[in-house]
Amino acid sequence: MATRLAPGDTAPDFTLPDADGKPVSLADHRGRRTIVYFYPSAMTPGCTKQACDFTDNLDVLAAAGYDVIGVSPDKPEKLAKFREKESLKVTLVSDPDRTVLDAYGAYGEKSSYGRTIMGVIRSTIVVDETGKVSHAFYNVRATGHVAKLLRDLEV
């Protein structure tokens, strides 16, 4: 299992294709705080709720100096359908080989309906302006997580 990140760690850099196939790099967000959230699969109930919550709060987060990037193992084509179907404004990127998920400790053993399986661990990492982790949340719930995040970040 990949090592989980903790506040003070350097956030692993990445460049991944977005829903339109265009490259998105964490380095492009230096100078702003960035929320990188990891979710298992587009167009599932929990992931839809979480993405819609981020979209609904995007203006508040942007005004407070935060960018938001959602990462899943879905292909860009599926992300584009997800974005269109749910009118999402959040940047969604594709990590089908799970390199970034592994680097952030967001892929590994998890419990699902009483069984231990390998999969995406719903996680949110907040990266500061210099590329350091300021907050690391693992095993978050899809429902209510964005509201809790807003409180934790004092936004």
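**Helices on a sheet**

Mentor: Helix 1 and helix 5 are oblique to each other, since angles under 35 degrees count as roughly parallel, over 145 as roughly antiparallel, 65 to 115 as roughly perpendicular and the rest as oblique. Helices (H or I, at least four residues) and strands (E, at least two) are DSSP runs, numbered from the N terminus. This is a predicted model, in which local features need pLDDT of at least 70, side-chain atom pairs count only at pLDDT 80 or more, and totals for chains, interfaces and linings use all residues. Residues are numbered from 1 along each chain as its sequence is written, and side-chain values use heavy atoms, leaving out hydrogens and water.

Trainee: At what angle do helix 1 and helix 5 pack?

Mentor: Axes are lines fitted to C-alpha atoms, for helices over the stretch in contact, and angles run from 0 to 180 degrees between N-to-C directions. Here the angle is about 40 degrees, and the axes are 9 Å apart.

Trainee: Which residues of helix 1 and helix 5 meet?

Mentor: Contact means heavy atoms within 4.5 Å. Gln 50, Asp 53 and Phe 54 of helix 1 meet His 145, Val 146 and Leu 149 of helix 5.

Trainee: In what order do the strands of the sheet lie?

Mentor: Two strands pair if DSSP finds at least two bridges between them. The open sheet has five strands in the order 5-4-3-8-9, with mixed pairing. Strand 5 (91-94) and strand 9 (133-138) each have a single partner strand, so one side of each lacks a neighbour in the sheet.

Trainee: How many bridges join strand 3 to strand 4?

Mentor: Six, and these two strands run parallel. Phe 38 has Val 71 in strand 4 as its bridge partner.
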